Amino acid sequence: MSAKLIIANWKMNPETKEQAEHIASEIRAKTKGAKSKVVMCPPFVYIHEVAEKISGAKNIMLGAQDVFQNAGSAHTGEVSPEMLKSAGVKYIIVGHSEKRAAGDTDEVVREKLFTALKKFKAILCVGEKERNTEGEYFSEIQYQLKSALTKLPKMFVKNLVIAYEPVWAIGKSEKEAMKPHELAEMVIFIKRVVSDILKIKNPKKIMILYGGSVTAGNAKNIIEGGNVSGLLVGRESLKAEEFSELVKELD
Ligand code: PGA
């Protein structure tokens, strides 16, 4: 298997700095030599501790779960791209369904994406809320992609990663993750839509990840059957042992 990109989205976890340091160190030790790249995305408060624990590791990079889109400094509670750059962040997650549910509109997602792409690799999350037999989810995904990507300057395209995360599959059991053959169908659709919007001649170059109840038990099948370039992992990325298994299994 070629090297994959695995995003560890810790969300609002863990509860203490010590736990964050422990998880980061354990994953570092247990995935040493693995072919895949891991992007560790802790909450902002632990970013420096995690940066220190993974410093010098060849296969692990630092990521952020969000970024603020407006310039200036009078933005209480927000974190700027400059701050993230100075902390050593390389990737930023944008448009996660939990951020969308908490108020990030399509316009905000677009602004955050453009902000992130100026200095970082950005992971744009898209995903339908539910699946029905009429296939309306295709137009939902197309709409999300269009509103985020239209008029994206060509020079940013190389920094773009799309994470397809069907909302109905997030936070469920291993068995409820999306079936690989259904994922493969959606991956073809996303590549077509993105290459149309961005006028990309070779859709194969578009990097697509899958997220939603990925575990060490289903990761390999999802990657192989779904034809994705990597995974976005939530809960399982906080369990150092299981997560490291997952990463190594993809070698
Ligand atoms: P999960 O979360 O792996 O816990 O389902 C994925 C995500 O929301 O990014």
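Predicted model: local features only at pLDDT ≥ 70, side-chain atom pairs only at ≥ 80, totals over all residues.

Residues are numbered from 1 along each chain as its sequence is written, and side-chain values use heavy atoms, with hydrogens and water left out.

**Stop one: the ligand.** Select N9, K11, H96, E165, I170, G171, G212, S213, L232, V233, G234 and R235, and you have the residues surrounding the ligand (each has a heavy atom within 4 Å of it).

Now zoom in on the polar contacts (pairs of N or O atoms within 3.5 Å). The side chain of H96 has an N or O atom 2.8 Å from a ligand oxygen. G171 uses a backbone N or O atom, 2.7 Å from an oxygen of the ligand. At S213, a backbone N or O atom sits 2.8 Å from a ligand oxygen. On its own the ligand has 280 Å² of accessible area, and the protein covers 99% of that (Shrake-Rupley method, 1.4 Å probe).

**Stop two: α7 and α8.** Select residues 180-198 for helix α7 and 219-226 for helix α8: they pack at about 45°, with axes 8 Å apart.

**Stop three: α1 and α2.** Finish with residues 17-30, helix α1, and residues 47-54, helix α2, which pack at about 25° with axes 9 Å apart. α1 and α2 are therefore roughly parallel to each other.

Key
Polar contact = N/O pair within 3.5 Å; in protein donor to acceptor, adjacent residues only side chain to side chain. Axes fitted to C-alpha atoms, helices over the stretch in contact; angles between N-to-C directions. Helix = DSSP H or I, 4+ residues; strand = E, 2+ residues; numbered from the N terminus. Parallel < 35°, antiparallel > 145°, perpendicular 65-115°, else oblique.
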